[in-house]
Amino acid sequence: MTDVLVIGGGNAALSAALTAREAGASVILLEAAPRPWRGGNSSHTRNLRCMHDSPQDVLTESYSEEEFWQDLLAVTGGQTQESLARLVIRGSQDCRRWMFRHGVRFQPSLSGTLHLSRTNAFFMGGGKALVNAYYRSAQALGVQVRYEAPVAHLELEGGRFVSAVLSSGERIAARSCVVACGGFESDREWLRQAWGQNAQGEWPADAFLIRGTRYNRGAVLKDLMAQGADAVGDPTQAHMVAIDARAPLYDGGICTRVDCVSLGIVVNRLGQRFYDEGEDFWPKRYAIWGRLVAQQPGQVAHSVIDSQAVGRFMPPVFEGCRAATLADLARQLQVPTEAFESTVNAFNAACQPGTFDHSRLDDCRTQHLHPAKTHWALPLVKPPFYGYTLKPGVTFTYLGLKVNESAAVHFAGQPSPNLFAAGEIMAGNVLGKGYTAGVGMTIGTVFGRIAGAKAARSAYAQPPEARGAGT
Amino acid sequence: MTVVLQSLVVQAEAARVLQICNACRYCEGFCAVFPAMTRRLEFDAPTVHYLSHLCHHCGACLHACQYADPHEFQVNVPRVLAQVRGKTYIDMAWPSALGSLYARNGLTLSVALCLGFALFLMIAASRNVSVWGSQPVDNFYAIFPHQLMVAIFLPTLAFAVIALTMGVRRFWAETPLGPATAPAMTEAAAHALSLKYLDGGHGEGCHNEDDRWTHQRRRLHHLVFWGFMLCLASTSVATVYHYVLSWPAPYDWSTAPKVLGGLGGVAMVVGCTGLLWIRRRRDRAMSDPKQSPMDVGFVVVLLIVAASGMALALAKGTAAVPALLCLHLGSVLAFMLTMPYSKFAHGVFRSAALLKWAIERRQPLSLKAVGD
């Protein structure tokens, strides 16, 4: 019998598998996706958030435990569990050496992301390069990797893991198990039910695009919850970004984001503004716009800029609608021309004189306008005008399995002796809502390593007769 | 017409792919292509030509790409930039007609030229010596007088240099980036000579058959390049011996021309064979299959040049010398004549692109984009 079975094939799963193997356990890793799509959402990531007391390789200055914790507290609005959050934060300071040993290389923060150079270590080549490195290391260490092996059901005995049943019907027994197979964002029906119907009779989740893998269907999460595993989080909470409406249904990744929101205005399909586009720096606000757009009629919105903004934001992957007049832009965006023009005119008239500076919270703001635009408010007057249609893009869902400091899955408040969870499937313990760049990979790496170590220990703690013969 | 259409399709594809890359930027640490890309918002033909020659075809960005096949975006930077490069070798060749000639059938043409010239030389030589005879021959100049060789090779080389200069001047003028400063030139030279951008950005090499890093290609390329330089040095020293010291060939193994040439020849044979070998195992996804004959053709000619040169040195004093000399000189002639239209040109264009980048990266950024 195998010592440790790891379900999942992304960063957290690989971190668990490598750690368990390093501890001497025999390990099978089940990746639901075929090989070219392996790695789940990790393939779309680019960095992890790390605490550090002094400048270290690619990280500048310092980022203390307390500052990291305060950042997490702020973005989650307190919906986090401090003991687990601090475990993640502390674990983030020394995990890079381990990552390096398994082939991950780092690079200075990318152009356009200088604000992250202090807090986030970027993977050279991004998440797919990291995933490739881990799979190479797993192969070299003798982890048995199986692709196209989605798990449908876990067989449990009173909170103890016994075996996993694949969709194919195959049954794989192991002494312990780590579930690290992501959220449920690609189960469209579950997402639909979670978001329900709005007052207009729409099913908002039907309009959502999924930024990551199509293989995160939440089958194991659903199965474990049905068997009494304790859950954390709200099924509608997720990392959600407003992305280009033309993005693919799955795997659009980073490039489909539209970064000009704070440089112009955003209108809904009625041609009306609905939120302060200049509330704070874009990197601190981009993750709220997915929900904002989801709450608009038709779950669409349009980011509108004029030529003054060109070159001031990360270039978008798709060309925007381009028009010489506001009326023409309204026509192209299919919003009511009169309403759109009056929105822009009212906004332009409300802009107060100031000194525009996109690198700080400047004094260009509107007056007597609702909702206000509190920074970077420049009248939209310089044609051509550009418009980008936005839709909600889900990165990953936060509903997950409750765990403790040992990453153990809980049943009726009791930790399982041999079933552990890591990554997005338990990120909700730390992230009740909100997000701060790179924290998902930090949670996955730190908890992946904890889960792998505990699973290996659990396998070895079992009496020899239970461990059977031949591993 | 179809050639023009193909060019437009390749250019459009390169621009499409680079726009996706520019919105992602994960690959910035690998090489110079991506930092150069982030300085731009649009990718017109001259820009794409410039970026294509900055690309060393290491494959890192393909293996790391979240948008590569089977993703619907179908991003494949190494392949599309290879296609662009292939196009520029032809478009920028001078005179243009020869460029397209070579592109059509690199391997056959190269080998045919080597053998054709060799045959021609054998016929010419048979007037002085017995090419297939049994008489041991020691002195090359008994077969071909020194002046005759100079009269054949000097104009050929001069033509190649002029043609390459014309081509790279077209390339240089397409994307004006200002004058070259001494630091920029030093950096570009260092990066070209060390093959900096085959180190993967982390210094651990580039990709061949899969997502593992390897130094194979970099090392083999070094063997070919530096072997070639040693052979060039050998010829140069021999020229000095001949004209300045009035010490004509043949030379002993203890002399500088023989030592340099011997080392260089061995390095080239090993390097060329190795490059052809690893090429067979290279991941097909990253290459432009259309250029395969051109790439292989060039390496094969180099291999014939080096191997026949080595054989000639070893055959000294035997009856095989006239035939080997004809083969060696024929292949050298073929190599020189095709220099501007063969893969040889990549070194010239790449060095120019590296110099462009060394100039450009010293200039302030005109875009100040802020992202998430």
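Residues are numbered from 1 along each chain as its sequence is written, and chains are lettered from A, with ligands numbered from 1, in the order in which they are written. Because the model is predicted, local features need a pLDDT of at least 70 and side-chain atom pairs count only at pLDDT 80 or more, while totals for chains, interfaces and linings use all residues. The predictor gives the complex an ipTM of 0.95 and a pTM of 0.95. Where pLDDT is low, the predicted coordinates should not be read in detail.

Chain A contains 13 helices and 19 strands, where helices (H or I, at least four residues) and strands (E, at least two) are DSSP runs numbered from the N terminus. Its radius of gyration, taken over C-alpha atoms, is 23 Å, close to the 23 Å that the globule rule gives for 471 residues, so chain A is as compact as a globular protein of that length; the rule itself is 2.2 Å times the number of residues to the power 0.38. Along the principal axes, the C-alpha trace of chain A spans about 80 × 50 × 35 Å. Of the 471 residues in chain A, 57% are buried, a term used when 20 or more other C-beta atoms lie within 10 Å of a residue's own, with exposed meaning 12 or fewer, partly exposed meaning in between, and the C-beta atoms placed from the backbone. Two residues are in contact if their C-beta atoms, placed from the backbone, lie within 7 Å, and among contacts in chain A between residues at least 6 apart in sequence, 75% join residues at least 24 apart.

An automatic or database domain assignment divides chain A into domain 1 (2-183 + 218-235 + 398-467) and domain 2 (240-393). The C-alpha centres of these two domains of chain A lie 36 Å apart, and 7 residues of domain 1 are in contact with 5 residues of domain 2.

Chain B, by contrast in its make-up, has 15 helices and 2 strands. A compact globule of 372 residues would have a radius of gyration near 21 Å, and the 22 Å of chain B agrees with this. Its C-alpha atoms fill a box of roughly 80 × 45 × 40 Å along the principal axes, and 45% of the 372 residues of chain B count as buried.

In chain B the domain assignment gives domain 1 (2-90) and domain 2 (99-343), with C-alpha centres 30 Å apart. Their contact takes 24 residues from domain 1 of chain B and 20 residues from domain 2 of chain B. On the domain 1 side, helix H3 (45-54), helix H4 (60-63) and helix H5 (77-91) of chain B each give two or more residues, and the largest share, 8 residues, comes from H5(B). By class, that side has 12 nonpolar, 11 polar and 1 charged residues, where Ala, Val, Leu, Ile, Met, Phe, Trp, Tyr, Cys and Pro count as nonpolar, Asp, Glu, Lys and Arg as charged, and the others, Gly among them, as polar.

Helix H5(B) itself has 15 residues and reaches 21 Å from its first C-alpha to its last, close to the 21 Å expected at 1.5 Å a residue, the expected span being 1.5 Å times one less than the number of residues. Since 12 of its 15 residues are buried, H5(B) is largely enclosed by the rest of the structure; among the buried residues are B:Val77, B:Leu81, B:Arg85 and B:Tyr89.

Helix H11 (residues 216-243) of chain B has 28 residues and reaches 40 Å, close to the 40 Å expected. Its buried residues include B:Leu220, B:Val224, B:Phe228 and B:Cys231, and what covers the buried residues of H11(B) includes strand S1 (206-207), helix H12 (256-281) and helix H13 (292-314) of chain B. Helix H13 of chain B also holds B:Pro293, which is partly exposed, with 19 other C-beta atoms within 10 Å. The C-alpha atoms of B:Pro293 and B:Leu107 are separated by 4.9 Å, although the two residues are 186 residues apart along the chain.

Between the chains, 31 residues of chain B are in contact with 35 residues of chain A. Helix H1 (2-24) and H4 of chain B each supply at least two residues of the chain B side, with the largest share, 5 residues, coming from H1(B).
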